[in-house]
Structure formats: structure tokens, C-alpha cells
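Take a look at the fold below.

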Amino acid sequence: MKHRTLGTQGLSVSEIGLGCMGMSEFYGPSSEAESIATIHRALELGIDFLDTADIYGPFKNEKLVGRAIRDRRDRVVLATKFGNVRNTQGQSLGIRGDPDYVRQSCDASLERLGVDHIDLYYQHRVDTKVPIEETVGAMADLVRAGKVRHLGLSEAAPETIRRAHATHPITALQTEYSLWTRDVEENGVLSTVRTLGIGFVAYSPLGRGFLTGRFKTFEDLPADDFRRRNPRFQGENFDHNLELVAEVEQMAREKGATPGQLALAWVLARGDDIVPIPGTKHVRYLEENVAAAGVELSEADIERLDVVIPVGAATGTRYADMSTVHR
């Protein structure tokens, strides 16, 4: 497994990371035993970049990741997030970025994870009621205290990113990015982080699993899967987006790869400053994702994908409520 450097502060991570969210919530039923086995297999295969957040579960995912890495912490670059507030019943309570909450959240995450520091600590969503300078200032205090090594933002807008970075160096921005989600190429986010020397972490690089070709009908989604509420997975949007996947499937067959591997290879080819973190809770899908690093895409391949899946090709917003992204 090759490594890539996020930001200019020297954070080196495996070129493919592992998103752990689905091990605890959102994507249907899961097995803790298999989830932990998946994390352990990831480490065996050279993936050292694990991504979680306090709200996943809620609160359960950090504990699971902590149990999985307890005897191998030195092999892990651990990323978690704060800012989306939920209670233990899973009810959303809004977004907070005030300094008191930053400190409280970090201490709680450290305890759940069972570690003495977090390698990359993100503000999960921007709290527009609190100046970003105050939020990042409190995060910087965590760095000075040794509780956090590097700072990140998630789904922030260009001006917010610039102001945050001026307060304390931001190592990584995490935002959704895939063949069917390319808004960061148009709204200035990707060019901004590149100008500032900030790394880019691509979540949902497989289009929440849609680009793998595993879903042919809406009923293929588990009954308690949150994607059933996602506009891209509903009605005419589903049918239209399925046509895009057919193009990926055809090209993948020609290259002797799976559709998911082709989609991941595309993200990897967008630049050495981009690190995708596909999520899975199954060892077999993890191994398939890792093999994507060996899929070579030529300039002609990239151009062909740009033709069959141009920017904005997918129909339906990527969240039912888009009010908290790119703020």
C-alpha cells in the first residue's frame, strides 16, 4: 500500500483509508465481530487511515474502533469528528462549534476511543452561529495540549476554509467526492485547498455504494438503510443514475475490474493530494477496494469517463437537506 501526504504538516496516510461509519449505523444491520475483523484485515493490507466520528452509532462507532485498535494503536492514523450533535437515542440536536463544546467533545472521544491523542480531528459540520476562528482556535488549543495532532474540516466552503487555515494550519478537508459527486470541482473547494496546501479526503467515493452496481432496484436496500431517504436513490433519480452505473460497469469489464474498483481508481487518479476513504463492514469488500489501487487509468480512460459521467450527471441532491454542507 502506497502512502500520500495530507497537508503541509507531514501527515502521511495510506492512499486508501477505511470509513468505519457503516459498522455501527446507517447502512443496515452489521456484525461487530466482522467489523473488527475488517479493521484488522485493513491493517494487514497496509491501510492505516481509519475514519470515525462521535455521532456514528451514536457514540458506538468510536468505542468499536477503539476496541479494534487497542493492541495496535501505533499502526493507526486515527481520524474522528465533532460538531453534529445527537443524543443517545439518535435524535439530531443541531450543530455546535463553540469552544466549550470543542473541548468537551474531544475529551469524550478520547475516552470512547481509549487513546491519549487523535491524529486528525475534524469539525464535522460548520456552525454558522460561531465564528470559524473561535472554533479552530479551540481546536488549536487541543493541539497545544497534545490531545490532537492535526486539524481538519468537513464540508466547509472556500471562504470558511481560508479563514480557518489563517487561524491554525488545516491539514485536511473531508468532503464527498466521486464520479457522481463532483461539485467541489465547480464551487472552488478543491482549488482552494490546493492553493493553501491542504489535503483532500474523499468520503463516499463509491457513491454510497451505488457505483459498485450492487443496487439494481430500490428494494435492494435494507429496510433500515438511510439511503432509502436519499434523493439519489429514489424514483426517477434512481433509474437515471442506474444508467450512469451501466457505463461504469461496461468500462470496468473491459479493464478486468469491478465497477467499484474503477470508481475508486478514478478518485485516486485525481491527484496525489486526494485520499479516498471507502466505507465497508465486510472483509470481502475491503479486499476488493484495496485492489483498486492496482487499476491503471490512462488519460483516454479519464476522458471517456468525463464524457459518460460529466460533472452534474447524477440527478437528485446528495442529501435530503443540503443546508449544512459547504458553509
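Which residue just after helix 6 takes a positive phi? Glycine 197 does, at about 75°. This is a predicted model: local features need pLDDT of at least 70, side-chain atom pairs count only at pLDDT 80 or more, and totals for chains, interfaces and linings use all residues. Residues are numbered from 1 along each chain as its sequence is written, and side-chain values use heavy atoms, leaving out hydrogens and water.

Stay with helix 6, residues 189–196. Helices (H or I, at least four residues) and strands (E, at least two) are DSSP runs, numbered from the N terminus. Val189, Leu190, Thr192 and Val193 are the buried residues of helix 6 (under 20% relative accessible area). Seen down the axis of helix 6, they fall within an arc of 160°, so they line one face of the helix. The arc is taken from the directions from the helix axis to the C-beta atoms. Their cover includes helix 5, strand 10 (172–176), strand 11 (199–203) and strand 12 (274–276).

Now turn to helix 5 (residues 158–167), which packs with helix 4 (residues 132–144) at an angle of about 40°. Their axes, lines fitted to C-alpha atoms over the stretch in contact, lie 9 Å apart. Ile132, Glu133, Val136 and Gly137 in helix 4 meet Thr160, Arg163, Ala164 and Thr167 in helix 5. Contact means heavy atoms within 4.5 Å.

Last, the loop between helix 1 (32–44) and strand 4 (49–51) holds glycine 46. Glycine 46 touches Met1, His3 and Ser14, not counting residues up to four places away in sequence. Glycine 46 and methionine 1 are 45 residues apart in sequence, yet 5.2 Å apart in space, C-alpha to C-alpha.

Note on methods. Axes fitted to C-alpha atoms, helices over the stretch in contact; angles between N-to-C directions. Buried < 20%, exposed > 50% of the residue type's maximum accessible area, 1.4 Å probe, protein only.
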